[in-house]
Every structure is written in structure tokens, then in C-alpha cells.
Amino acid sequence: MNTMMSVFHIYGGWCTLVALVFLILLLWQRRRSFFTSSPSTSFLVSDSVNSKLRTLNFVTDSDLKFLMEILDEKLNEIDRWEDVIDKRNQHLIYNAKCCKPKNGPLRYLSVTMFRDISSEMLRNFYMDNDYRKQWDKTVVEHNQLQVDEFDGVEVGRTIKKFPLLRPREYVLAWKLWEGRDKTFYCFMKECEHPLAPRQRKYVRVEYFRSGWRIREIPGRNACEITMFHQEDAGLNMEMAKLAFSKGIWNYVCKMDNALRRYSVISYHLPSSVATSINLMQKVPACLDPIKNNISPAYPTTPHDQVTDESQVRMISRRSSRKLLAKSLLLLGGAICLSRGHSSLGAKVAMAYILTKLSKRDARST
């Protein structure tokens, strides 16, 4: 009996051990198959998103209309804009202002004029997110999530790192339009996407609205970009405003240097930029303005101001010299008539000359 009990315990223990090992292997296999199958599932999701999921409600022509109105300051005219910065150098001019709407974060409106740059080059520069990672050190990661060939909307995910802050995650949709006279528009807004699940290590930016208009300046080898920007990145409003006013000019100068290098090295368009240009939509006829009015914020450049002032000074000097010469001639003629030659012919000739000069002076005046 004791022998049978011992055998039972031995074989029972082995059966229990085998059963436990079998259960552990089964659970491990299921867990392994789940993790190994997740990349293929991701690709399946990506394919289904690109083929079935439409982005019609991500960015629309209504967003373009909103962008045009706010760039021309026709929207919310009751909002008071406050000047933030006005800087310039030999290559660019930058002006920015902000306002606080009733609901939502601060709105920024800026105008930047670049000399010796075409609107197409500036458009390509702004659309090249891969090149942006080279000169903008706040951008640590950027991934293209979707390209919708039906309505021209693109979706991407960007990670930005700021000093003393957790990295910010941007999941954005954007769309590019082309208007008259090499004028380009782009509008970006936040969105949700199945390929960009939320992660605890990043702070997801919940509200983001931004857009720009790029156009050439008639009569000058220059172009300007007018930009609207509004986002809620979880920062204190006053601190964000102070950081913007103190650091934006250095950032713009750094961007200008990167743009100059880009204009030299970009002989061939990167594939991402070429895709964006191929997806570019035409501005609807009902929204495309007839006249391309350049922003009056920068009517003249410093070089033009110097040229105009020098021309005015030169003209004033010439007028003063002519007036002085005519005055001396008239004065000399009067003296000559009163005390000079006594012959009648000389007096008649001098009177004739003075009459001609007087008439010419009256016409010029």
C-alpha cells in the first residue's frame, strides 16, 4: 500500500509538473504570437487606412476660407492685436503680433519677407519635413502616416523636445493649395489616427491650428510668407508669450540660413515634397482673390528707403541750385538795368532775357 502510494505520488507529481509546463508553454506561445503578429497587423491597418479611410473631414476648403480671412484680418475684427516683435536685417524682414480670443489659446500672425527667394523655393522648404530635422533641433522625430490621393490631405506625426519639458507629440493633417500668380496656401490641424496611439511618455497636443500663404512681391526679387498659428501645448500662456518674443527672432534667422543652404543644395526635390506638390489642389474660384495685394506691413525695404531718400535729396539739391542760379541772375540783371550799361540796346536785351527766365521759372513752379 505504501508502495502504491509512493508510486501515485511520484507519477502524480510528474503529471502535475507536465501539465504546468504545458500551460506555461501555451501561454508563452500565445504571447509570442501576439507580439510577432502586431507589425503585420500594423501594416494591414496602414493599407486599409490608405485604401478605405477617407480624410474628407480632416482639412477642407472651409479651413482654407478661414485661413484667408484671418490672414487678411477679416475674421474676429473685435479682437485686438498686440505688436510682439518687428525685426529686419539685410536678408529678411519679420513682424509678428498676437491676440487673445475669448475661447482658445493665443493667436499669432506674422509676416516674413525673404530677399532673393522665389515662392516655389520657399514652399518646398516649408514642406520638407526631413530637411527640417537637420536645422530645427526641437524636431526629434517625424513620420508620415497617410497620404490621401483623393482629396490631397496628408497626415503625419511629429515629436518635439523643448528644454525642461516633456516631449510634445503632434498628430497633424495638412493640405496644400495653389492660387493665382504663384501663390500657395497650406493649413494644418490636429487629428486622431489609428497609426498614432497615445503614449504616456509624450504630451499629446490637443489643439493645433496653423497655416500660411506664400506669394511673390511684384517688382522685387523677394517673396513673403504670412503665417497664422494657434496651439495649446499645455504651457502657461504668459510664459509661452515671453518665450516667443525673446526667442523667435533667433529662430527666424536660423531658418533663413537654412533656407539659403536649401536653395543651393535642392537640385532635386525629395520624394515627400514631390508627393505634396503632386497632391496640391487648386484654390476654388469662389475663394481665389483677383488682386494679389501685398501686405502693407513692409511697404519698402531698408535698401529702397535709402535709395528713395538719396533721390529726394539729389532732386532737392538740383532744385536749390537752379533756384539760386536764377535768383542771382535776376538780381544781377536788375542791378545791370539800374546801374549798368547805359546803351538802350543792352537794356532791351537784358530785359528780354529776364522776361524769358521769369516765364520759364513760372512754368517750372
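Predicted model: local features only at pLDDT ≥ 70, side-chain atom pairs only at ≥ 80, totals over all residues.
Student: Which sense does β6 pair in with β5, and over how many bridges?

Tutor: β5, residues 153-160, pairs with β6 in the antiparallel sense, over 8 bridges. Among the bridge partners, K160 goes with R168 in β6, and I159 goes with E169.

Student: And β7, parallel or antiparallel to β6?

Tutor: Antiparallel, with 7 bridges between β6 and β7, which is residues 184-190.

Student: What does D181 do in the hairpin of β6 and β7?

Tutor: D181 takes a positive phi near 55° in that hairpin, which has 5 residues between the strands.

Student: How does β6 pair with β8 and β11?

Tutor: With β8, residues 203-204, β6 pairs in the parallel sense over 2 bridges. With β11, residues 281-282, the pairing is also parallel, over 2 bridges.

Student: Which residues sit on each side of β5?

Tutor: V153, V155, R157 and I159 are on one side, and E154, G156, T158 and K160 are on the other. They are all buried, and both faces are covered.

Student: What joins β5 to β4?

Tutor: 8 bridges join β5 to β4, which is residues 139-148, and the two strands run antiparallel. H142, for one, stands opposite T158 in β5. The hairpin of β4 and β5 has 4 residues between the strands, and G152 there takes a positive phi near 80°.

Student: R157 is an arginine in β5. Why does R157 count as buried?

Tutor: Because its relative accessibility is 8%, and the cut-off for buried is under 20%.

Student: Which side chain does R157 make a polar contact with?

Tutor: E169, at 2.7 Å between the two side chains.

Student: What else does R157 touch?

Tutor: Leaving out residues up to four places away in sequence, its contacts include E141, H142, N143 and L145, then Y170 and V171, and also A196, Q199 and Y202. E169 is on that list too.

Student: New topic: the inside of the model. How many cavities of 30 Å³ or more are there?

Tutor: The count comes to 1. About 50 Å³ of space lies in the largest cavity.

Student: Which residues line the largest cavity?

Tutor: F125, Y126, D128, R132, W135 and M255. By type, the lining divides into 4 nonpolar and 2 charged residues, with no polar ones.

Student: Which helices supply at least two residues of that lining?

Tutor: α3 and α4, and α4 is residues 129-135.

Student: Is α3 enclosed or open, and how many of its residues are buried?

Tutor: 8 of the 9 residues of α3, which runs over 119-127, are buried, so α3 is largely enclosed by the rest of the structure. Among the buried ones are F125 and Y126, which also line the largest cavity.

How values were computed:
Residues numbered from 1 in each chain as written. Heavy atoms only, no water. Buried < 20%, exposed > 50% of the residue type's maximum accessible area, 1.4 Å probe, protein only. 1 Å grid on protein atoms, 1.4 Å probe; cavity = no way out; pocket = protein on both sides within 12 Å on 5 of 7 lines; lining within 4 Å. Points joined across faces, edges and corners; volume = space filled by probe spheres on them. Nonpolar A, V, L, I, M, F, W, Y, C, P; charged D, E, K, R; others polar. Pairing = 2+ DSSP bridges. Polar contact = N/O pair within 3.5 Å; in protein donor to acceptor, adjacent residues only side chain to side chain. Contact = heavy atoms within 4.5 Å.
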